[in-house]
Amino acid sequence: ERSFEGVSSGAEEHKMGLLGSSTTPVLLENAKVPAENILGEIGKGHKVAFNTLNYGRFKLGASTVGGTQEAIGDATHSSVERYQFSQPISNFGAIKHKLGEMTVRAYAIESMVFRTAGLIDAAIEQDENQRDRSKDVAVLRALEEYAIESSILKVACSETLQYILDENIQIHGGNGFVKDYPAERYYRDSRVNRIFEGTNEINRLLIPSMLVKRALKDELPLIEAAKKLEGEIMTPAIEASHEKDVLEVNAASVTMFKKVSLAVIAVALQKYGEKLHTQQEILSLTSDILIDTYGADSAITRAMAATEIGIPNKHLQVDAAACFVNDAAMRIEIAARSALAAMTEGDTLRTHLIALRRLLKVTPVNAVAIRRRLADATVERSAYLF
């Protein structure tokens, strides 16, 4: 506690952002902690610490959702009020692209957060009912179970928020750089999110590492799935056609994303084995593939649910999900090619690239038209759509 002997606070730190909060070092000099203040069990403090991080990462990701929506509303107002060539800049294609892309990315992370929250809630309820555990124990187990998803949210959401806030300043023009407008403060306050709760670099290393660790402990059938994939790797992917439903085509694309993730992890394990943790570039590239895959899967699942329920703006949700999947396919291909080129060469590399092309047969959508529809609807509503 603050009043304990040996506990004191250092000088106030002057930060780039979050100026409404006080930040000082906590100094411990021969501080003694009473036995009754112990959290958890002696020798198992890491469980408390790691689960605190898991919760913090999930919470940080969830907290950015409101920020993205606020910024989209702010950018929309600015685009309508700013005039160039005798018309609001919201009429211009370059601005429509920004507003549309901001909406697509916000929809994806919101879908990821909703999905993960539902998974954690279900795990807590199941654990309580089946094992008659206390709520606290059930919560800790659920947070540990979904530690990978929490790290994914931390990275994806913090970077999406930073992207959207940067575009918000750009849409404001010179006003966005002036402290009289909130866009400037949003941007400064957001920057620390990529450092909080473990840097995004650390979380990128953790995401595939945790997957592999669970696989090696036989807690996740990753290795078996990789062996099965070898037998079907040359099977052509489902291609888009006008006869197929948009969501069906995109769901098939997401299935291919999962196979690409599995294929890259399999190659990495085969080459590096237990030393994979030392290959930070490979882990980071693999993490980017997994993040985009989870985002695409979550967005498509949500759009499907919206269509089944008959939500009024379901067509716009389908647009947002399809656009995210379209762009994710390109990012995943680049990351996978980079990872494979770093791990293999010659005929082996060419074989892996042939398999990658078969897996990623994703027909591009008209993303320009989709972003324009989303931008126009955003301007009409004067706020985030979903």
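**Reading the side-chain features**

Colleague: Which residues are linked in a network of salt bridges?

Modeller: Glu-101, Arg-105, Asp-327 and Arg-371 form such a network. The general idea is that side chains of opposite charge can pair when their charged atoms come close. The criterion is a side-chain nitrogen of Lys or Arg within 4 Å of a carboxyl oxygen of Asp or Glu. The model is predicted, so local features need pLDDT of at least 70 and side-chain atom pairs count only at pLDDT 80 or more, whereas totals for chains, interfaces and linings use all residues. Residues are numbered from 1 along each chain as its sequence is written, and side-chain values use heavy atoms, with hydrogens and water left out.

Colleague: How many salt bridges does a search of the whole structure find?

Modeller: The search returns 17 salt bridges. One of them joins the side chains of Lys-96 and Asp-376, at 2.4 Å from N to O. Lys-96 belongs to helix α2 and Asp-376 to helix α12 (residues 367-381), so this pair links distant parts of the chain, 280 residues apart. Helices are DSSP runs (H or I, at least four residues) numbered from the N terminus.

Colleague: Which residue meets Lys-258 in a salt bridge?

Modeller: The side chain of Asp-297 does, at 3.3 Å from N to O. Here Lys-258 comes from helix α8 (residues 246-272) and Asp-297 from helix α9 (residues 280-309), distant parts of the chain 39 residues apart. Lys-258 has a relative accessible area of 42% and is therefore partly exposed, while Asp-297, with 14%, is buried.

Colleague: What links helix α9 to helix α10?

Modeller: Asp-292 forms a salt bridge with Arg-331, with 2.9 Å between the closest N and O atoms. Asp-292 lies in helix α9 and Arg-331 in helix α10 (residues 314-343), so the pair ties together parts that are 39 residues apart in sequence. At 9% relative accessibility, Asp-292 is classed as buried; Arg-331, at 32%, is classed as partly exposed.

Colleague: Where does the charged end of Arg-331 sit?

Modeller: A charge sits over a ring if NZ of Lys or CZ of Arg is within 6 Å of the ring centre and within 35 degrees of the ring normal. The charged end of Arg-331 sits over the ring of Phe-324, 5.4 Å from its centre.

Colleague: How many residues does the largest nonpolar core have?

Modeller: In soluble globular proteins, nonpolar side chains tend to be buried together. A nonpolar core is a set of buried Ala, Val, Leu, Ile, Met, Phe, Trp, Tyr and Cys residues joined through side-chain atoms within 4.5 Å. The largest has 96 residues, and those with the most contacts inside it include Tyr-107, Phe-257, Met-343 and Phe-386. Helix α10 gives the most to this core, with 16 residues.

Colleague: Why is the ring pair of Tyr-107 and Phe-386 described as edge-to-face?

Modeller: Rings of Phe, Tyr and Trp (its six-membered ring) pair if their centres lie within 6.5 Å; planes under 30 degrees apart are stacked, over 60 edge-to-face, and the rest tilted. The whole structure holds 3 aromatic pairs. The centres of Tyr-107 and Phe-386 are 4.9 Å apart and the planes lie at 65 degrees, so this pair is edge-to-face. Tyr-107 is in helix α2 and Phe-386 in the segment after α12, so the pair ties together parts 279 residues apart in sequence. Tyr-384 and Phe-386 also form an edge-to-face pair, with 5.7 Å from centre to centre and 85 degrees between the planes. Tyr-107 is buried, with a relative accessible area of 0%, and Tyr-384 is buried at 5%.

Key. Helices (H or I, at least four residues) and strands (E, at least two) are DSSP runs, numbered from the N terminus. Buried means under 20% relative accessible area, exposed over 50%, partly exposed in between (1.4 Å probe, protein chains only).
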